Amino acid sequence: PNAPFELKPSPGKGWGAFATRPIPLGALILREAPIFVISKHHTDITEADILAAVQQLPTHEKQQFRRLRYNGGNPFTRLTHACAENSFALPNPIGPAYHGLFVILSRLNHSCVPNSNIPDTDIEGGIISCFATRDIAVGEEITFCYNVDFACRTRREQIGRASCRERVWI
């Protein structure tokens, strides 16, 4: 209820997060824990892994998971698609990588020149924090760069690198 944004359709991008009040540089925009975590590399996550994780969720979180959609608005046809589009790799310094599914954070869309950032130092215990990297005006869409190597680079600087749309956490 105190979030500085609302979720609504973003033309050509599915859903997005839009500022409902001015958000100053450095302000916390969102701090979210995953609704579930799977302790596997994303290429090893199976339908059975996701189904087992979803079955353990409380009813309201199961409902949140079922409301996830492809950007075009259609329900996901596979659980692995829902997980791939809504999960982020979480650092694990003492073991294998793991992925958490984030219902709200996954609504933030990509920009190569974003207005928010998720610092690695603010990913603790699976909780991800997102901060404004500049002042964000009311009504402006909140974005972050999926591929941190491209953040704030011009198109010319990006030539010869992987696609700007490539998501490094998945």
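View A. The model is predicted: local features need pLDDT of at least 70, side-chain atom pairs count only at pLDDT 80 or more, and totals for chains, interfaces and linings use all residues. Residues are numbered from 1 along each chain as its sequence is written, and side-chain values use heavy atoms, with hydrogens and water left out.

**View B. V138 sits in a loop and is exposed.** The loop runs between β10 (127-132) and β11 (141-144). Strands are DSSP runs of E with at least two residues, helices are runs of H or I with at least four, and both are numbered from the N terminus. With a relative accessible area of 53%, V138 falls in the exposed class. Leaving out residues up to four places away in sequence, V138 touches A19, T20, R21 and P22; contact means heavy atoms within 4.5 Å. V138 and F18 are 120 residues apart along the chain, and 7.6 Å separates their C-alpha atoms.

**View C. S10 is a buried residue of strand β1.** Strand β1 covers residues 5-10. S10 counts as buried because its relative accessibility is 4%. When its neighbours within four places in sequence are set aside, S10 is in contact with W15, G16, F18, N109 and E141.

**View D. N109 is a buried residue of strand β7.** The strand spans residues 109-110, and the relative accessibility of N109 is 8%. N109 touches S10, K13, W15, G16, E141, I142, T143, F144 and Y146, not counting residues up to four places away in sequence. Between the C-alpha atoms of N109 and C145, which are 36 residues apart along the chain, the separation is 8.2 Å.

**View E. W15 belongs to a nonpolar surface patch.** Accessible areas come from the Shrake-Rupley method with a 1.4 Å probe, and for residues only the protein chains shown count as cover. W15 is found in strand β2 (residues 14-19) and is partly exposed, at 44% relative accessible area.

**View F. G12 is exposed in the loop between β1 and β2.** Its relative accessible area is 86%. G12 and N71 lie 59 residues apart along the chain, with 8.0 Å between their C-alpha atoms.

**View G. K8 and E6 form a salt bridge.** The N to O distance between the two side chains is 3.8 Å. K8 is partly exposed at 32% relative accessible area, and E6 is partly exposed at 39%.

**View H. E47 forms a salt bridge with R78.** The closest N and O atoms are 3.6 Å apart. The pair links distant parts of the chain, 31 residues apart: E47 is in helix α1 (residues 47-55), while R78 is in the loop between α2 (59-66) and α3 (79-86). E47 counts as partly exposed at 26% relative accessibility, and R78 is partly exposed with a relative accessible area of 41%.

**View I. Helices α1 and α3 pack against each other.** Their axes are 8 Å apart, at an angle of about 75°. That makes α1 roughly perpendicular to α3, a label for angles of 65 to 115 degrees, whereas under 35 is roughly parallel, over 145 roughly antiparallel and the rest oblique. Axes are lines fitted to C-alpha atoms, for helices over the stretch in contact, and angles run from 0 to 180 degrees between N-to-C directions. E47, I50 and L51 of α1 make the contact with L79, T80 and C83 of α3.

**View J. The whole chain has four helices and eleven strands.** Of its 170 residues, 42% are buried. The accessible surface comes to about 9,600 Å², and 54% of this belongs to carbon and sulfur atoms. Among contacts with a separation of 6 or more, residues 24 or more positions apart account for 59%.

Conventions
Buried < 20%, exposed > 50% of the residue type's maximum accessible area, 1.4 Å probe, protein only. Salt bridge = Lys/Arg side-chain N within 4 Å of Asp/Glu carboxyl O. Patch = residues over 30% accessible without salt bridge, like charges linked within 9 Å, V, L, I, M, F, W, Y side chains within 5 Å.
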